[in-house]
Amino acid sequence: MRSRYSAFAVGAEDYLLQTWYVETRPTAVELDPKQKWTGLEILGTRKGGPQDKMGTVEFTARFRQDGADHEHHEVSTFVRDDSGRWVYREAI
């Protein structure tokens, strides 16, 4: 989750696609360069341990755009891909 937030912050669209579950991955990601990400707060996790194949992360990400502060709140699901690494699946 933190690495994907960092990818949003630096505009690494390729990394976001690489860390997206193949069955839910869009064909492209277009980030708005006017969004300046200003913080991430992890509110909770469920599962996602060494023996799990799925987990969830609840978070709030803060950003500034057009002179105003905003927050994005989400509960995200992550799954292990065939190589064993965690990838983003979807928001629930």
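**Ground rules.** I'm working with a predicted model, so local features need pLDDT of at least 70 and side-chain atom pairs count only at pLDDT 80 or more, while totals for chains, interfaces and linings use all residues. Residues are numbered from 1 along each chain as its sequence is written, and side-chain values use heavy atoms, with hydrogens and water left out.

**The sheet.** I looked up the strand order first. I found an open sheet of four strands, S1-S2-S3-S4, paired antiparallel. Strands (E, at least two residues) and helices (H or I, at least four) are DSSP runs, numbered from the N terminus. Two strands pair if DSSP finds at least two bridges between them. At the edges I noted S1 (36–47) and S4 (86–91), each pairing on one side only. From one strand to the next, the twist averages 35°.

Next I checked S1 against S2 (residues 54–65): 10 bridges join these antiparallel strands. One example I wrote down is Trp-37, whose bridge partner in S2 is Phe-63.

**The helix.** I see H1 (residues 2–10) lying across S1, S2, S3 (68–80) and S4, at about 165° to S1. Contact here means heavy atoms within 4.5 Å. Axes are lines fitted to C-alpha atoms, for helices over the stretch in contact, and angles run from 0 to 180 degrees between N-to-C directions.

Most residues other than glycine have a negative phi. Which residue in strand S1 did I flag? I flagged Lys-47, with a positive phi near 55°. Lys-47 is exposed, at 59% relative accessibility. I also flagged Asp-66, in the loop between S2 and S3, again with phi near 55°. Asp-66 is exposed too, at 67%. (Exposed is over 50% relative accessible area, buried under 20%, partly exposed in between, with a 1.4 Å probe and protein chains only.)

**Pockets.** On a 1 Å grid over the protein atoms alone, a pocket is an open set of points where a 1.4 Å probe fits, with protein on both sides within 12 Å along at least five of seven lines; lining residues have an atom within 4 Å of a point. Of its 14 lining residues, Arg-4, Phe-8, Phe-59, His-72 and Glu-74 are closest to the centre. S3 gives the largest share of that lining, four residues.

The second largest pocket holds about 180 Å³. Closest to its centre, among 14 lining residues, I listed Met-1, Gly-48, Val-57, Phe-78 and Trp-86.

Notes. Grid points are joined across faces, edges and corners, and a volume is the space filled by probe spheres set on the points.
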